[in-house]
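Trainee: I have a new structure open and would like to walk through it with you. Could we take it one part at a time?

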Amino acid sequence: IELAVEAGSYCCLLGPSGCGKTTTLRMIAGHESITAGQVLIDGTDVGNAPPAKRPTAMMFQNYALFPHLNCVDNVAFSARMQGVEKVKRRSDALEALDLVDMQGLAERMPSQLSGGQQQRVALARALVTNPSVLLLDEPLSALDPFLRVRMRSELRRLQRSLGITFIHVTHSQQEAMSVADQVVVMNDGRIEQQDSPRGMFNAPRTGFVARFIGGHNVLSGELELTDQDGYAVQCEAGRILSTSRPAHVKPGAATVSLRTDGIRLEPASYKADNCVSATVRAIEYQGTTVRLELEVAGTAEFSVMVGEAAFFSQPVETGAKVKAAWDESAIHLLQQH
């Protein structure tokens, strides 16, 4: 892998279990040895330096708080190991706890804290060392969904106010998109794509990225060039037609992603390019939107997001035959090989 993270930015490593994101994080921290290459922080190669000699701090997935120490002593532990005198390390620890709104619970033991409170203490312990880079290994995975959303915005607020580089490992697309300046999608030990959240969502490079970040259907077929600088992809399910051709497009095998929120349902009798026949497999009410899973030829998964009002003005039932249709703006041609 080759990855550059801008100083003072928030970077998320995103990918399925086993793709290499935690290993990458541990290599930056020094908990995993590198076999080749360099790890540069602020221009200095720390690839062979022990963890204590790197300007990094790591917040572990399970928080790793000492059960026999109260909050303030947990946060002050590294300073104690470095021989910092007691008054100074306690004052620094209380300041760090104040940053994460935990000063009022400084004397409590970890067993007296909720999961969210333990997470804040672990965060304070990482921040008290004033690192250049804060490394977070799935920091929100142990929290309930409501608290997870709250802590996402809390992490983002902290990162902006402190100006520290955050590198955050997650398998949640929603988490990465909501906090990061830079999203890095990994697969099988490689970087598939790195981009801003908006750039990634609007222009996924590969089928893997389009599927993993969600919000896209992926169809494959044969591409042919058409007049007026357009192209058409003939898929098993139907014909995808675009009048706008990106540079370097060539005839042959091609894969297209379709935004799920750019697809509409039409009656089974509807006929046009840019539509496919489908059977409604499942309907999932999500409040402001309704998600429909469709059976479409040539793909195992095909879903459509419809606004609540639009769906209930013309509802359909499971098993109904429909057409899924879209405008050109929903089409994105993925990288050809």
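Predicted model: local features only at pLDDT ≥ 70, side-chain atom pairs only at ≥ 80, totals over all residues.

Trainee: Okay, and which residues of α1 itself are buried?

Mentor: Helix α1 covers residues 21–29, and its buried residues are K21, T24, L25, I28 and A29. Looking down the axis of α1, you would find these buried residues within an arc of 140°, so they line one face of the helix.

Trainee: Why would residues a few places apart end up on one side?

Mentor: An α-helix has 3.6 residues a turn, so residues three or four places apart point the same way.

Trainee: And what covers the buried residues of α1?

Mentor: The cover includes several strands, among them β1 (10–14), β2 (40–41) and β4, and also β5 (133–137), β6 (165–170) and β7 (182–187).

Trainee: Switching to pockets: how much space lies in the largest pocket, and which residues lie nearest its centre?

Mentor: The largest pocket holds about 760 Å³ of space. Its lining is made up of 26 residues, and those nearest the centre are L3, I28, Q38, V39 and L40.

Trainee: What about the second largest pocket, what lines it?

Mentor: The second largest pocket has about 570 Å³ of space and a lining of 21 residues, of which T56, A57, M58, S78 and T129 lie nearest its centre. At least two lining residues come from each of β4, α2 and α4 (115–127), and the lining as a whole divides into twelve nonpolar, seven polar and two charged residues.

Trainee: I noticed F66 while turning the model. Where is it, and what does it touch?

Mentor: F66 sits in the loop between β4 (56–59) and α2 (71–81). Leaving aside residues up to four places away in sequence, F66 touches N74, F77, P110 and R125. F66 and M109 are 43 residues apart in sequence, yet their C-alpha atoms are 8.9 Å apart in space.

Trainee: Is F66 buried or exposed, or something in between?

Mentor: F66 is partly exposed, because its relative accessible area is 29%, which lies between the cut-offs of 20% for buried and 50% for exposed.

Trainee: Last topic, aromatics: how many aromatic pairs does the structure hold?

Mentor: It holds five aromatic pairs. In one of them, F208 and F212, the ring centres are 5.8 Å apart and the planes are at 10°, so the pair is stacked. F208 and F212 are four residues apart in helix α8 (residues 207–213), and therefore about one helical turn separates them. F208 is partly exposed at 23% relative accessibility, and F212 is partly exposed at 22%.

Trainee: And how are the rings of Y285 and F312 arranged?

Mentor: Their centres are 6.0 Å apart and their planes are at 70°, so this pair is edge-to-face. The pair links distant parts of the chain, with Y285 in strand β14 (residues 275–285) and F312 in helix α9 (residues 308–313), 27 residues apart. F312 is partly exposed, with a relative accessible area of 49%, and ring pairs link Y285, F311 and F312 into a cluster.

Key:
Residues numbered from 1 in each chain as written. Heavy atoms only, no water. Buried < 20%, exposed > 50% of the residue type's maximum accessible area, 1.4 Å probe, protein only. Contact = heavy atoms within 4.5 Å. Arc of directions from axis to C-beta. 1 Å grid on protein atoms, 1.4 Å probe; cavity = no way out; pocket = protein on both sides within 12 Å on 5 of 7 lines; lining within 4 Å. Points joined across faces, edges and corners; volume = space filled by probe spheres on them. Nonpolar A, V, L, I, M, F, W, Y, C, P; charged D, E, K, R; others polar. Phe/Tyr/Trp six-rings, centres within 6.5 Å; stacked < 30°, edge-to-face > 60°.
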